[in-house]
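Please keep the sequence and the model open while reading.

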Amino acid sequence: MLVKALAGLSAALMLTATAYAADPTPLTIYHSWSTPSEMAALNVLKTTLASNNIGWTEIAIPHDTGANVSLTNMVTGGNPPNVFMNSDPGVIRDLAKQGAIMDLTQYFNDNGIAKNLPPTVLQEITVDGKIYKAPAGIHIDGMVYWNMDVAKKAGVDPTKWTSLDDMWKDFDKVKAAGFQPLAVGSQDFQVGYLTHALIAAVAGPDIYNRFYGPTVDPKVFDEPALKQAIDWVRKFSLQVDAGSQNRAWNDTTALVITGKALMQIHGDWMKGEWRNAGKVAGQDFGCENIPGTKALAVTVDAWNFLDGPNLSDTTKQAELEFAKLDTDPKVTAEFAAKKGSTPVRTDVDPSALDVCNKVVLDSLAKPDMSVQNPFNISDADWVRSVWNVMFKFWGDQSETSDQAIQELKDQYDQVFG
């Protein structure tokens, strides 16, 4: 009887140990994504983590609504997330001073991750010489996505456009065929991204970096090429339709997907919406850089990781495993397919790349062709000031480009003076 009892106790202890070992390590994930394509991409990570015994609890906030301030408050308030999406180098520096953010440099080198990341990606995940971010996907902030059926019916061929003037000349044909030439959503986020994409494309990398760099050059406001870029913002503002006011970017993409508009110029996360609708790149829709582009503004979505003495070794190991899985060649390819991004690894299976990915990778392979998203390099107050000025300019058709530039000068004095 005693033998049986001991055997039963032993079996119970084994079951308890097995159940305990099976409990996932919980991680709290902070992000600002909500569209179907964004959530589908997050589910790729969530499923991958679950299969590696890592739990996922998320804190989601509305897109571009002061997320970094909320993040800082959570960290200083003692209730921080474990994993968080952030691009502001100022936030990273503040957290690094507190010992509250994980330095991934050694881990990425030891696991062969860093050597398989494109230079553009490495640049964007590095702050002050250290890797603090695990890249999730590469995006071009301003690309042209068009509906091939609409283009055919309107008798236009976007692949023949070599300049924005070429594009503009075809708008009358598109209107005559009964379509909206350009789908635009009138939100400060969309106008802000269109502005910096056009400054990169029209004015080029030197002026872009003088305008958005860590040190803004006040002489840049007098550059004719900057005015030319803002002139194009005005031209595109004239293409708004009756429903554009405060329309979300993905709802704007839907106008192109459903054949109401020819195209949209926005970040290439648009592709996620196309794919979510069952559409195929190169068959249902085309994608290209802004015609005549001189530089591409690049966003690298990336995760940061909490550190500090209050974190258990188990939690820290789970965070590192997150970073490793996030950058796995297969995972980044599957994530990119859902999100509309380009995989972050150079050793991804080529069969996982579509024609739009190839446009991005071919473009980024060109020397001096890319510049960083303003949030990665600029003073946050300056970026917000530019958004405010340009959104006001967008909505007030009576305001001239010269007036907008003067307002930018005034904002420069307030932010940096």
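Asn111 lies in the loop between helices α5 (105–110) and α6 (119–125); helices here are DSSP runs of H or I with at least four residues, strands are runs of E with at least two, and both are numbered from the N terminus. With a relative accessible area of 32%, Asn111 is partly exposed, a class that falls between buried (under 20%) and exposed (over 50%), using a 1.4 Å probe and protein chains only. Asn111 and Tyr208 are 97 residues apart in sequence, and their C-alpha atoms are 35 Å apart in space.

The model is predicted: local features need pLDDT of at least 70, side-chain atom pairs count only at pLDDT 80 or more, and totals for chains, interfaces and linings use all residues. Residues are numbered from 1 along each chain as its sequence is written, and side-chain values use heavy atoms, with hydrogens and water left out.

**Whole chain**

- The chain holds 19 helices and 12 strands.
- Its radius of gyration, taken over C-alpha atoms, is 24 Å, close to the 22 Å that the globule rule gives for 417 residues, so the chain is as compact as a globular protein of that length; the rule is 2.2 Å times the number of residues to the power 0.38.
- Along the principal axes, the C-alpha atoms fill a box of roughly 95 × 50 × 40 Å.
- Of the 417 residues, 53% are buried.
- Among contacts between residues at least 6 apart in sequence, 77% join residues at least 24 apart, where contact means heavy atoms within 4.5 Å.

**Nonpolar cores**

- A nonpolar core is a set of buried Ala, Val, Leu, Ile, Met, Phe, Trp, Tyr and Cys residues joined through side-chain atoms within 4.5 Å.
- The largest core has 56 residues, of which Leu104, Phe108, Ile125, Tyr145, Trp303, Phe305 and Phe322 touch the most other members.
- Strand β11 (residues 296–305) gives this core its largest share, 6 residues.
- Another core, of 54 residues, lies apart from it and has Phe171, Val202, Val371 and Leu408 among its members.
- Beyond its neighbours within four places in sequence, Phe305 is in contact with residues including Val83, Phe84, Ile101, Leu104, Glu319 and Phe322.

- All 7 residues of strand β6 (residues 134–140) are buried.
- β6 runs antiparallel to β11 and is joined to it by 6 bridges; two strands pair if DSSP finds at least two bridges between them.
- Within this pairing, Gly137 has Asp301 of β11 as its bridge partner.
- In strand β7 (residues 143–147), 5 of 5 residues are buried.
- In a regular strand the side chains alternate between the two faces of the sheet.
- Met143, Tyr145 and Asn147 point one way from β7, while Val144 and Trp146 point the other way.
- β7 has an antiparallel pairing with strand β9 (residues 261–266) over 4 bridges, where Tyr145 stands opposite Gln264.
- A further antiparallel pairing, over 5 bridges, links β7 to strand β10 (residues 285–289), with Trp146 opposite Gly286.

**Helix α8**

- Helix α8 (residues 164–176) bends by about 25° at Asp170, the bend being the angle between axes fitted to the seven residues ending there and the seven starting there.
- Buried residues in α8 are Leu164, Met167, Asp170, Phe171 and Val174.
- Their cover includes β7, α7 (148–154), β8 (180–182), α9 (188–203), α11 (224–237) and β9.
- Just after α8, Gly178 takes a positive phi of about 95°.

**Exposed loop residues**

- Most residues other than glycine have a negative phi.
- Asp128, not a glycine, has a positive phi of about 55°; Asp128 lies in the loop between β4 (126–127) and β5 (130–131) and counts as exposed at 60% relative accessibility.
- Asp368, also not a glycine, has a positive phi of about 60°; Asp368 is in the loop between α16 and β12 (370–372) and is exposed at 68% relative accessibility.
- Thr346, in the loop between α15 (329–339) and α16 (355–364), is exposed at 51% relative accessibility.
- Leaving aside neighbours within four places in sequence, Thr346 is in contact with Asn116, Leu117 and Pro118.
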